[in-house]
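Subject: Structure handover

Hello,

Here is the structure for you to open. My notes on what was found in it follow below.

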Amino acid sequence: MTSMLYPTTNPSASEQMVVARGEGPYIFDRNGKRYLEGMAGLWCTSLGYGNEEIIETATQQMRELSFSHMFGGKTHDSAMKLADKLARMVPMKDARVFLGNSGSDANDTLVKLIRYHATATGRPERTKIIARDKGYHGVTVASASLTGIPTNHNHFQLPFDALGVIRTGSPHFYRGAIAGENESDFVARRAAELEAQILEAGPDTIAAMIAEPVSGAGGVLIPPPGYYQAIQAVLDKYDIALWDDEVICGFGRLGADFGANALEMRPEMMVFAKALSSAYVPVSAAVVSGDFVEAVESAASDMGVFGHGYTYSGHPLGCAVAHKVLEIYERDQIFEHAAEVGHYLQEKLQAFVDHPLVGEVSGKGMIGALELVANKETKQAFEGMAVGAYCAKAAEAAGLIVRPLGGNRVALCPPLILEREHVDELVDKLTIAVNATLEFAKQEKLLA
Ligand SMILES: Cc1ncc(COP(=O)(O)O)c(C=O)c1O
């Protein structure tokens, strides 16, 4: 034990693994053992480890300007360059960019911008936010309230009501469908439920619906075809903005530049972190449309300062690194590469469909998950999380990092730089782990 208190860890747990270094898509532990990083760290190291170009950019930036803040309109070139580049890339008109350090703080920024905007436009009641069950949007008090995962709520008395959070169903067909429902019935039901909730809460009181294109930490939940068209039609009808949390799905993860384009979403707000800098340094961005900012600007003289900003908003290091990472994505056609290798990954993952322990194989592009079940026919779930955790440990023993999630789902989200031979390695090692987990479940008499 050290003096560390670990994030998202049982406080009584002991150290599990000491990671010493990284190289390309691999990490090495303190004993020199090599692991294929099947989770890109925490869904973030899209360009892998040890990229000399990024390291050089970071070093140069720190030499030139190690810090400058952005309060009161003070600025610097690295931040302006990053904001302009990102604004040109996103599928939004005249996008404007607010920089921060994490996905959680970017979502908090939008919670506040929505409130500031509501007052500025003379509609102060329009602040409620629709958020989905099993969605993950961070862990600060506001973003955790938007998150729809009990582990991130328990013991914290979060201010759901004060923030006007309206919780709606997740688009997970495998667990959410009722008997006899096909995918299009399920989508129609979710859209109808959403509309009923909007009418009950009062459409004029709702500003936005937050959604990850594909929910990551909630289990890698791929919405059925037509889901976003159906949801978007309801939102459009009541003039409610779609707030697209691209913290995992942004920058090539789903086989297109953005999750919004992969799944035909039309967002008016977007949030980025993780792959924005390939996690070389912390940086995030909350992005809103030009129209949204214009409405605020015209009322700003009466309202005074937008009293929200982080010391490290637009930190020069984060901005320089993120700008370089975006350049590399374009120059090296990383999104196209990820789409091609992702296609191969999804094909290979289909091998698990017939595995006796696997209830669902979900995935799109370079993200995926297996749900391990006690009974494949009846979809009976295992109690607790021991089976998924066992599988992750077995993968680790085989030299592969995966992540066990709630519901005994085992997630994959490898760096986008993977080649086909890395996918073969990943699937071979995962097969070893899933087979070992089946033996464990049999031995412990956990199968139903
Ligand atoms: C979709 C999504 N949004 C927001 C966050 C929060 O980001 P951070 O952990 O950087 O605060 C995460 C983190 O995993 C995420 O997956």
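One of its oxygen atoms is 2.5 Å from an N or O atom in the side chain of Ser-104. I call that a polar contact: a pair of N or O atoms within 3.5 Å, where within protein one atom must be able to donate a hydrogen and the other to accept it, and residues adjacent in sequence count only if both atoms are side-chain atoms.

Before you go further, note that this is a predicted model: local features need pLDDT of at least 70, side-chain atom pairs count only at pLDDT 80 or more, and totals for chains, interfaces and linings use all residues. Residues are numbered from 1 along each chain as its sequence is written, and side-chain values use heavy atoms, with hydrogens and water left out.

A ligand oxygen is 2.9 Å from a polar backbone atom of Gly-103. A ligand nitrogen is 2.7 Å from an N or O atom in the side chain of Asp-245. On its own the ligand has 390 Å² of accessible area, and the protein covers 83% of that (Shrake-Rupley method, 1.4 Å probe; for residues, only the protein chains shown count as cover).

The residues around the ligand include Asn-107, Tyr-136, His-137, Glu-212 and Lys-274. The shell divides into three nonpolar, six polar and three charged residues. Here Ala, Val, Leu, Ile, Met, Phe, Trp, Tyr, Cys and Pro count as nonpolar, Asp, Glu, Lys and Arg as charged, and the others, Gly among them, as polar. Helix H4 (residues 103–120) gives the largest share of the shell, three residues. Helices (H or I, at least four residues) and strands (E, at least two) are DSSP runs, numbered from the N terminus.

**Salt bridges**

The whole structure holds 23 salt bridges. Each is a side-chain nitrogen of Lys or Arg within 4 Å of a carboxyl oxygen of Asp or Glu.

Lys-237 and Glu-195 form one of them, at 2.7 Å, N to O. Lys-237 sits in helix H8 (residues 227–237) and Glu-195 in helix H7 (residues 183–201), so the pair ties together parts 42 residues apart in sequence. Lys-237 is exposed, at 56% relative accessibility. The classes are buried under 20% relative accessible area, exposed over 50%, and partly exposed in between (1.4 Å probe, protein chains only).

Glu-425 and Lys-429 pair at 2.8 Å, N to O. They are four residues apart in helix H14 (residues 420–443), about one helical turn. Both Glu-425 and Lys-429 are buried. Lys-429 has 17% relative accessibility. Its side chain also reaches the backbone oxygen of Gly-399 at 3.4 Å.

Arg-331 and Asp-332 meet at 2.8 Å, N to O. Asp-332 is partly exposed, at 38% relative accessibility. Shared partners join Glu-53, Lys-324, Glu-327, Arg-331 and Asp-332 into one salt-bridge network.

**Cysteines**

How many disulfides does the search find? Zero, across the whole structure. The cut-off is a pair of cysteine sulfur atoms within 2.5 Å. For Cys-391, the closest cysteine sulfur is in Cys-413, 17 Å away and too far for a bond. For Cys-413, the closest is in Cys-249, at 8.3 Å, again too far. Cys-391 is buried at 0% relative accessibility. Cys-413 is buried at 0% as well.

Best wishes

Technical notes
A residue is near a molecule or strand if one of its heavy atoms lies within 4 Å of it.
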